[in-house]
Amino acid sequence: MLVVLIIACEVGFWVLLAGGLALRYLAKMPRLGAAVLLCEPLLELVLLVASAVDLKNGGEPSWRHGLAALYIGYTVGYGHYTVKWLDRHAAYRLAGGPKPPGPKYGKARAVHEWKLWTRTLLGAAVALGLLQGAIRYVGDAADTGSLQSWQYVALRVLGIQAVIAASYTFWPRKPPAAQPQEERAAAERRSRL
């Protein structure tokens with residue numbers, strides 16, 4: 001049941017996101033679109049409550065609870081960023097807005113990657129806190145090994161993200177060689193399509 005709810009929350013996240021952006025930019029109803037986008041945190045609240053109720057009703061702590069905690073942590077760390085990123089791209093593609101900013105090369109890209117790492121840190125901290133709360137909640141009454149293993153998963157994800165950020169710091173991407181003006185204009189036209 002909990003796995004179905006996790007899948008439903010993930011699907012619901014993307015459906016609300018697509019619906020909100022469609023309302024904002026295709027249907028020209030920005031306020032209604034924003035209202036739909038603001039409903040997204042309710043999905044995580046439902047998942048959190050369902051996990052707690054499952055444990056309260058004697059549910060055995062399992063990988064499902066760990067997955068729910070990681071999903072909630074990811075949403076706390078990256079949910080707003082994802083919505084904002086997609087909103088900028090939808091405004092650019094669907095409403096003729098400005099091209100979304102984004103560092104691609106050098107020190108700016110390394111700084112961006114470390115900012116993503118801080119989001120991962122926030123998500124991992126939330127997941128670790130939820131998992132530790134669940135471990136304490138069930139106490140010695142149940143085997144909490146699966147919940148502890150998900151704590152290690154959260155720490156591994158954090159470590160992988162740190163390696164990625166460090167790689168951009170120590171081996172920064174270099175911008176391509178300067179292109180003639182005509183080639184740059186043609187490349188920009190292709191990117192708008």
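The radius of gyration used here is taken over C-alpha atoms, and the globule rule sets it at 2.2 Å times the number of residues to the power 0.38. In this predicted model, the chain has a radius of gyration of 21 Å, whereas a compact globule of 193 residues would have one near 16 Å. The secondary structure consists of 7 helices and 0 strands.

**Fold and dimensions**
- From the N terminus on, the elements follow the order α-α-α-α-α-α-α.
- The C-alpha trace spans about 70 × 45 × 20 Å along the principal axes of the chain.

**Burial and surface**
- Of the 193 residues in the chain, 34% are buried.
- The accessible surface of the chain amounts to about 12100 Å², and carbon and sulfur atoms contribute 67% of this area.

**Charge**
- The chain carries 22 positive and 12 negative side chains.
- The centres of these two sets of side chains lie 12 Å apart.

**A residue with positive phi**
- Most residues other than glycine have a negative phi.
- Lys-28, a residue other than glycine, has a positive phi near 55°.
- Lys-28 lies in the loop between α1 (2-26) and α2 (30-38).
- The relative accessible area of Lys-28 is 58%, and Lys-28 is therefore classed as exposed, the cut-off being over 50%.

How values were computed. Residues are numbered from 1 along each chain as its sequence is written. This is a predicted model: local features need pLDDT of at least 70, side-chain atom pairs count only at pLDDT 80 or more; totals for chains, interfaces and linings use all residues. Side-chain values use heavy atoms; hydrogens and water are left out. Helices (H or I, at least four residues) and strands (E, at least two) are DSSP runs, numbered from the N terminus. Buried means under 20% relative accessible area, exposed over 50%, partly exposed in between (1.4 Å probe, protein chains only). Accessible areas come from the Shrake-Rupley method with a 1.4 Å probe; for residues, only the protein chains shown count as cover. Lys and Arg count as positive and Asp and Glu as negative; His and the chain ends are not counted. The place of a charge is taken as NZ of Lys, CZ of Arg, CG of Asp or CD of Glu.
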